[in-house]
Amino acid sequence: AEEDLVDIPMETKLKDPMWHMKIKKGKDVGTVEDIEEGQNTKERLYRIRYADGDLEHFTSNDVRKYQDLEAMAGGSLPTAAAKGKAKAKGKAAAKAASKA
């Protein structure tokens, strides 16, 4: 049986390193859009919203397993392939930041 989830304070969410983390599970990409806690277990559950609108709850282990390292790094990974992409990704990130 699923336990009831309770909301946690925004300041707690903001301190969580997984808040707004990018997720990639197979072909689906999404973002951690909310963090809730099990009422009894106090286990944190991370609500993922996929690009297609689907929602899924992940445990912290799932978030780590499916985090989209490429999207998170913004092309700054120290690999030859990433170096070529870094410039293009930087422009895209700047555009996205100016819209927010």
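How many residues lie between β3 and β4 in their hairpin, and which residue in the turn has a positive phi? The views below take up this question and others, using a predicted model.

**View 1. The hairpin of β3 and β4.** Here is the answer to the opening question: 5 residues separate β3 from β4, and K42 in the turn has a positive phi of about 65°. The two strands run antiparallel and are joined by 7 bridges. Strand β4 covers residues 44-50, while β3 covers residues 28-38.

**View 2. The hairpin of β2 and β3.** Now move to the hairpin that β3 makes with β2, where 2 residues sit between the strands. G26 takes a positive phi near 65° in this hairpin. Strand β2, residues 22-25, pairs with β3 in the antiparallel sense over 4 bridges. Within this pairing, K24 stands opposite V29 in β3. A handy reminder while you inspect the strands: in a regular strand the side chains alternate between the two faces of the sheet.

**View 3. Where β1 meets β3.** Strand β1 consists of residues 5-7 and pairs with β3 through 3 bridges, again in the antiparallel sense. To find the spot, pick L5, whose bridge partner in β3 is G38.

View 4. Where pLDDT is low, the predicted coordinates should not be read in detail.

**View 5. The whole protein, for orientation.** Stepping back, you can count 4 helices and 5 strands. Starting at the N terminus, the elements follow the order β-α-β-β-β-β-α-α-α. The average pLDDT is 81, and 72% of the residues score at least 70. Of the 100 residues, 23% are buried. The protein exposes about 7100 Å², of which carbon and sulfur atoms supply 53%. Among contacts with a separation of 6 or more, 38% come from residues 24 or more positions apart.

Methods:
Residues numbered from 1 in each chain as written. Predicted model: local features only at pLDDT ≥ 70, side-chain atom pairs only at ≥ 80, totals over all residues. Heavy atoms only, no water. Pairing = 2+ DSSP bridges. pLDDT = per-residue confidence, 0-100. Buried < 20%, exposed > 50% of the residue type's maximum accessible area, 1.4 Å probe, protein only. Contact = heavy atoms within 4.5 Å. Areas by Shrake-Rupley, 256 points an atom, 1.4 Å probe, with all protein chains shown as cover.
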